[in-house]
Amino acid sequence: MSERQHTIFLDGEEVPFRDGETVYEVSERHRREVPTLCYDPRLEAFGACRLCVVEVEGLRNPVASCTTKATAGMRVNTRTDVLEAHRKTLLELVASESRAAAEAPAGAVPGTVDPLRGYASQELATLASRYEVSGERFAGAKSGHSKGADDDNPFILRDYDLCISCYRCVRVCAEREGDYAISVANRGFHTQITTEFDSKLSDSSCTFCGQCVQTCPTGALADKKALRKVDVPGELQKTRTICPYCGVGCSVDIVTKGEEIVAVQPAMDGPANEGALCIKGQFAWDHVQHGDRLKTPFVRGEDGELRPASWDEALDRAAAGFRKAYAEHGAHAIYAIASGRAPHESAYTVQKFIRAGFGTNYIDNCSRA
Amino acid sequence: MSRTVATDAEILARWKEEPAPLLPLLHAFHDRDGFLSESSIRGVAETLRIPLADLYGTITFYHFFRTFPPGKAAPRVCDGPVCKTRGADALLAALEKDGATPMPCAGRCDEPVPVLIGDTQFVGAADGSLVERETPRPAPRPDGGEECVFAHVRDPARRGIDGYLATVGYAGLRRAFCEWTPERTLEEIDASGLAGRGGAGFPTGRKWRAVAEAAGGPKTIVCNADEGEPGCFKDRVLMDHDPHATLEGMAIAARATGATRGFIYLRYEYPHTQAILENAIAEAEAHGYLGADVLGSGQEFRVYVRRGAGAYICGEETSLLNSLEGKHPFPRNRPPFPVTHGFEDTPTAVNNVETLCSVGPIVARGADWYRGLGYRGEGHGDHAGTKLVSLSGDVQRPGNYEVPIGLPLGTLIHDWAGGPREGRTVQAVTMAGLSGGFLAGDALDVTLDEPSIRAHGSFLGAAGIMVFDDSRNMVEVAAQAMSFFAHESCGKCFPCRIGTQRLTERLTGAAGPADLDAWTAEVADIGRTMKATSACGLGMAAPLVAESLVRRFASQVAAHVGEAGERGGERA
């Protein structure tokens, strides 16, 4: 095999490809910005939205580049007037079935939703803007039935009026999370994302990991916790960090407006998680800003009631308790469990304190899973 | 008379270890209870290790499966395009008291209106009366010419194996297994020019050769008997009156490819056909034509019947395979193709009933004989073989006809089928059932072969032809056709899922621009994008109905858009 056999012609430019790569992947690497709505690089290519169609010389019809493997010598056009016209028509059809398009004020981009709904929620609106999609063409029935109060879980809003049936949620649930909690009911225009027996998510095998929310390209699945913060003023800002809960080390973006945390989103490029989180990492961040959160130590008085105290007083009290237990019952009467929310350095300090300080190995951490 | 009702455990145990078990398991519960209860769905999911949500979603895909009573006991009335003109709506109203609901074309357009109650298909009349009758046999070929697949179908004895053997049945199979090498069979099929008679027209010999040469196994032959195209009822007559011909074709395919198992994927609407096929399989096994060691050749070939549950898309071969495997019946992305990655990812040949029925005679009598059956009329050259045409609608003698490929359409309609009703003229015909859209005017001069019909922007396909005379409103016919495609669109790809809906709304007048130019532009844009970008043949073909309507019946369209606009008032 000569080197030359491992190239394709992309819009006339000869470019190399790797074995097994799809035309879409090659196009992405060469910054062709081929549009898509059903594609998530972490998932098996599905070929639903057809926006990524490209022309391949020798084939009568355009092909979906996401499901077409590159082959040596292939001549591909990613952006012709004909393709762009098909893409615009497809986007106008998609916009026509969505409540967001119908409700968009005159002149607004169809499909616009609040970015707090989820990581990928701007994809439809971004494409609608790029292709100058009219929200008025192809008017007709809307698809999907939102589940408002019918699914009263605290985490995931199932706003299916905005659903465009790309099935990224179903596929991420099966392929990445392994939950198989959701699937596709009915067919054609009446397609609806469902659970077993159309039950609530809380009665299904859903683990509320939130991956469906974060891959949804329209905001039809939305982060309910974040949506409480829609009216907080300020620009959204993202700060990359590591999830503090367990030892996996999932990369997350803490989303803030001003000084206030308004959401957590997974980092799609996080090496440990590739966009995955669990229910805690995704949704359990209220405690950070909660009014009941302890900000000063407390000690218990003679009367049994807790009262605020200084750190010196509190630490003296704790030290006294350790000394008493050690003196009366020995080293093995002491057992430490480090909090899963504590950073690694703190966890290290705890085990050092117990092992070196008292001479026992009775240590543990709450996030053993 | 008391009958023992099978328990859940017995049903699950009966099918658990069978190949392709999901559909028969669901049917077993559906038959027993009349619907699929939550507990039976849970039992199936657990037994077959299918996630519950997945199984629940898949069940909702099939329109005959019900998850609540009365379910199966309620009558289903065909409201296909021909039945609509034969009192389907009145019949539906007459049966409404029994919970009747409509079903898409059920494949009896030569004798409307079919009604399905439980596992019995009746022929209904507008007054609500129902009679049970066998599938009509085709009339003798009007010009007396020689036939291939219909040569013996009118012989009442042909359904049983003795009658089949008495009319040179299984001669082809015997030759393929006892005289010829698989290569020799492949060469003969290649030479015959036989191509897929289900509509796609892929050369049968090439398909089999690809399976024969593919690595891996066990290899599989699938007979596509999901005859769902409206206006097509040809496979039904073959299976009902000549079931061994299908089995013989499958076995020859197995010999040529090395396949050891076969499935007949039968559409739900032909319940009686399942019993006929299963009886024929038992007879063939008893005579050694199927089973563990076919005719002492050392090759195993077993055939299983699997019944669909109401989904046109399952006639698309990759949807069919997903359905057989118990998966959600979306079409698969290709490549890879079924010839290398078919049923359970093994090399698989999927062939239509008519194609398979042609195989036995071709092997028994030779490729030259088969090629010679093509039309040899004046000015017509090289047409090989025959094609069954299901002719229905406004003609005097509707029915199935085996035509020499290349026969002029006019000869079929006027000379063979008696032409339109007295005092009427042919306004339009559909092609490929509905998928080919309408031919009218000059285009009615086509000959029945793909090149001729494709030159008019249509295709012969599975060769259902519905005739509409000058009393019919073609916009209404087109609206019914498009609502069928919308009903049957699987929902996987955007252009088909949304496009069929929007075209239906524009043809019924439910939505769409009131201005004719805007209306036409929308319909054209949707159609163009559907044809170019849809993921499978359904979405690519559906717009032909709208496109051919606009092209050939511009004044009816203009009147429709005007009227709809007046009705819609302010509608944009």
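A residue counts as buried when its relative accessible area is under 20%, as exposed when it is over 50%, and as partly exposed in between. In this predicted model, B:E134 has a relative accessibility of 45% and therefore counts as partly exposed.

**Salt bridges within chain B**

- B:E134 pairs with B:R159 in a salt bridge with an N to O distance of 2.9 Å, and although both residues lie in the loop between β5 and α7 of chain B, they are 25 residues apart.
- B:R159, with a relative accessible area of 27%, is likewise partly exposed.
- Within helix α9 (residues 182-192) of chain B, B:E188 and B:R184 are four residues apart, about one turn of the helix, and their side chains form a salt bridge at 2.6 Å, N to O.
- B:E188 counts as buried at 12% relative accessibility, whereas B:R184 is partly exposed at 32%.
- B:E522 and B:R506 form a salt bridge whose closest N and O atoms are 2.6 Å apart, and this pair links helix α21 to helix α20 of chain B across 16 residues.
- B:E522 is buried at 7% relative accessibility, and B:R506 is buried at 0%.

**A network with residues of both chains**

- A:E92, A:R137, B:D525 and B:R528 are joined in a network of salt bridges.

**Contact of helices α11 and α15 in chain B**

- The axes of α11 (residues 234-241) and α15 (residues 353-365) of chain B come within 9 Å and cross at roughly 50°, and the two helices are therefore oblique to each other.
- B:K234, B:D235, B:L238 and B:M239 of α11(B) meet B:V353, B:E354 and B:C357 of α15(B), a set comprising four nonpolar, no polar and three charged residues.

Key:
Residues numbered from 1 in each chain as written. Chains lettered and ligands numbered in written order. Predicted model: local features only at pLDDT ≥ 70, side-chain atom pairs only at ≥ 80, totals over all residues. Heavy atoms only, no water. Axes fitted to C-alpha atoms, helices over the stretch in contact; angles between N-to-C directions. Parallel < 35°, antiparallel > 145°, perpendicular 65-115°, else oblique. Contact = heavy atoms within 4.5 Å. Nonpolar A, V, L, I, M, F, W, Y, C, P; charged D, E, K, R; others polar. Salt bridge = Lys/Arg side-chain N within 4 Å of Asp/Glu carboxyl O. Buried < 20%, exposed > 50% of the residue type's maximum accessible area, 1.4 Å probe, protein only.
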